[in-house]
Amino acid sequence: MKTNLILVILIMATSCAADTFMLHENFGCSWVDAEKTPSNTEDDNMCWAAAASNVLAWTKWGWNDADTNFAYFQDHWTDQGGLMNYAWEWWIDGTNRTQGWEDWSQVDVPGGGFWPNINYSDLYHHHSSYLSAMPKIDEYLRAGYGTALTLKGSHAITVWGFEEDYSGIYLTDSDDYKNHPVPPDMLRYYDINLEDGKWFLQDYFGSDSWYISGVYGLERRVLLEGDANRDGIVDTLDFTIFKSQFGMKGMGLSADFDNDYDVDLRDFVLLRENFEITPSQMAIPELYTIIFLLIIFPFMLYKRPKTCP
């Protein structure tokens, strides 16, 4: 009888437990965690840049390694407060709206603008209502947006998931091991509580006073692999772009289909997988294109590359 009672309790507990939604489990890749370190004196006030770096890594607008993105911000911005949306905009199209703002982080070394032809306003989403912060997190993560949060308007974190009854969230935080010489990457869970129209994290650094003050989302860099000119078809025009960028390294290369910041034969493998030739293109083919596609390609032994961090 005792065993049956325990079984019933377990079944009831399981049936009542909230479901969990995780961004990376539904859209691929993994959570990332850019960290501050005690040895670095240029990151003390750059939680916003760390959160921005996590999102840039996951959405593929930045390097796959979030710490590399974070180091880039540290090398180009002063160690002061800022916000993720301004960081993303500068990273993508080079615009810095906070330049000259008193007490805000400033660009002191030119950089950014890795995707100058991208309309940033089409990618960015922001919500600042305290009461609807959790429904907005739900919306952004289900839409596949990399999402960062501000807490009390003074700290920034990255959110990766939530309990569907809004009882808790999963996040990474640049400050959780900032005094550790080699800070580990850590995905943390916090209960949350709705009180006086605000969503408060419970026992966050020993306090229940930290509430969600803003939700910031960035859409993923999604493209048809091989479609270098973004016209919806992979054809000889894309091969021409690939050929012109072959051997180049850096960010913002339209033929870098595997997002490793190097246009090489692995990118050609991805181009070849989706390659199409229309009749009009067949009428005036470039001889080197046909030779490359039909003769050199069969000798390539590269496997499909891993594109997640």
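Reply: The place to begin is Asp176, whose side chain makes a polar contact with the side chain of Arg188 at 3.1 Å. A polar contact here is a pair of N or O atoms within 3.5 Å, where within protein one must be able to donate a hydrogen and the other to accept it, and where residues adjacent in sequence count only if both atoms are side-chain atoms. The model is a predicted one, in which local features need pLDDT of at least 70 and side-chain atom pairs count only at pLDDT 80 or more, whereas totals for chains, interfaces and linings use all residues. Residues are numbered from 1 along each chain as its sequence is written, and side-chain values use heavy atoms, with hydrogens and water left out.

Asp176 lies in the loop between strand S5 (168-172) and strand S6 (188-195); helices (H or I, at least four residues) and strands (E, at least two) are DSSP runs, numbered from the N terminus. With a relative accessibility of 14%, Asp176 counts as buried, a word that means under 20% relative accessible area, while exposed means over 50% and partly exposed in between (1.4 Å probe, protein chains only). When residues up to four places away in sequence are not counted, Asp176 touches Asp33, Glu35, Met186, Arg188 and Phe205, contact meaning heavy atoms within 4.5 Å.

From this contact one can turn to the charged pairs elsewhere. Side chains of opposite charge can pair when their charged atoms come close. A search of the whole structure finds 8 salt bridges, each being a side-chain nitrogen of Lys or Arg within 4 Å of a carboxyl oxygen of Asp or Glu. In one of them the side chains of Arg142 and Asp138 meet at 2.5 Å, N to O; both residues lie in helix H6 (residues 133-142), 4 residues apart, which is about one turn of the helix. Asp138 is buried at 13% relative accessibility, whereas Arg142, at 39%, is partly exposed. Arg142 also meets Glu164 in a salt bridge of 3.0 Å, N to O. That pair links distant parts of the chain, since Arg142 is in helix H6 and Glu164 in the loop between strand S4 (155-163) and S5, 22 residues apart. Glu164 counts as partly exposed, with a relative accessibility of 35%. A further salt bridge joins Arg266 and Asp264, whose closest N and O atoms are 3.6 Å apart. Salt bridges that share partners join Asp138, Arg142 and Glu164 into one network.

Because 7 of its 10 residues are buried, H6 is largely enclosed by the rest of the structure; the buried residues are Ala133, Met134, Lys136, Ile137, Asp138, Tyr140 and Leu141. H6 is followed by Gly144, whose phi is positive, near 85°.

Leaving aside neighbours within four places in sequence, Ile212 is in contact with residues including Ala133, Met134, Ile137, Ile169 and Trp199. Ile212 is also among the residues with the most contacts inside the largest nonpolar core, which has 64 residues, the others being Phe73, Trp88 and Ile169. Helix H3 (residues 47-59) gives the most to this core, with 10 residues. A second, separate core of 12 residues includes Leu253, Phe257, Leu270 and Phe275. A nonpolar core is a set of buried Ala, Val, Leu, Ile, Met, Phe, Trp, Tyr and Cys residues joined through side-chain atoms within 4.5 Å.

Aromatic rings complete the picture. The structure holds 32 aromatic pairs. The rings of Trp91 and Phe114 have their centres 5.0 Å apart and their planes at 55°, so this pair is tilted. The two residues lie in distant parts of the chain, with Trp91 in helix H5 (residues 84-93) and Phe114 in the loop between H5 and strand S2 (124-127), 23 residues apart. Both Trp91 and Phe114 are buried. For such pairs, rings of Phe, Tyr and Trp (its six-membered ring) must have centres within 6.5 Å, and planes under 30 degrees apart count as stacked, over 60 as edge-to-face and the rest as tilted. Trp91 and Phe114 also belong to one aromatic cluster, whose members include Trp48, Trp63, Tyr72 and Phe73.
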